[in-house]
Amino acid sequence: MSGERDLRKLLSGMRPELNPGRYVFTTVDSGLPPGLTPVVTVAEREGMTVVARKEEADAAGLAYEYVAGWITLRVHSALEAVGLTAAISRELASVGLSCNVIAGYYHDHLFVPYGRAQEAVSLLEGLAKRSA
């Protein structure tokens with residue numbers, strides 16, 4: 001099943017969904033600590049970036065600076081689709097909201113400041129309505 005490539009369809013059908021919980025970006029040098037089930041990992045030269053539930057990172061004694069809300073865009077976007085990240089970033093940046101985007105095979109995932117996560121969902125829903 002291939003993903004959607006048409007930007008208008010992607011935006012109008014994104015159906016942003018706020019996942020429950022607080023998530024943090026942290027890093028580990030070697031291996032995952034017991035009890036840590038990451039949502040995302042990225043292998044970098046400096047170490048492995050891990051996005052995990054805040055409670056799990058706290059229990060593992062991992063340091064972090066950024067606490068995020070996790071929004072999943074429920075539209076199945078093609079990995080080669082053009083413009084979705086730019087449109088979302090522009091919308092959120094217009095009100096000073098940072099956004100870290102991670103593309104999965106089926107969906108795009110946004111990590112925004114936890115205290116403004118519901119605001120981000122509302123903004124994205126507005127963008128979807130305007131794009132229909």
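Is Arg-53 buried, partly exposed or exposed, and what is its relative accessibility? At 30%, Arg-53 counts as partly exposed. Here buried means under 20% relative accessible area, exposed means over 50%, and partly exposed lies in between (1.4 Å probe, protein chains only).

The model is predicted: local features need pLDDT of at least 70, side-chain atom pairs count only at pLDDT 80 or more, and totals for chains, interfaces and linings use all residues. Residues are numbered from 1 along each chain as its sequence is written, and side-chain values use heavy atoms, with hydrogens and water left out.

**View 1. Arg-53 pairs with Glu-55.** Their side chains form a salt bridge at 3.8 Å, N to O. The term means a side-chain nitrogen of Lys or Arg within 4 Å of a carboxyl oxygen of Asp or Glu. Glu-55 is partly exposed, at 45%. Side chains of opposite charge can pair when their charged atoms come close. The whole structure holds 6 salt bridges.

**View 2. Glu-91 meets Arg-130.** The closest N and O atoms of this salt bridge are 2.8 Å apart. The pair links distant parts of the chain, 39 residues apart. Glu-91 sits in helix H3 (residues 84–93), Arg-130 in helix H4 (residues 117–131). Helices are DSSP runs (H or I, at least four residues), numbered from the N terminus. Glu-91 is buried, with a relative accessible area of 15%. Arg-130 is exposed, at 55%.

**View 3. Arg-116 joins Glu-119.** These side chains meet in a salt bridge of 2.8 Å, N to O. Arg-116 is partly exposed at 27% relative accessibility. Glu-119 is partly exposed at 33%.

Methods: Helix = DSSP H or I, 4+ residues; strand = E, 2+ residues; numbered from the N terminus.
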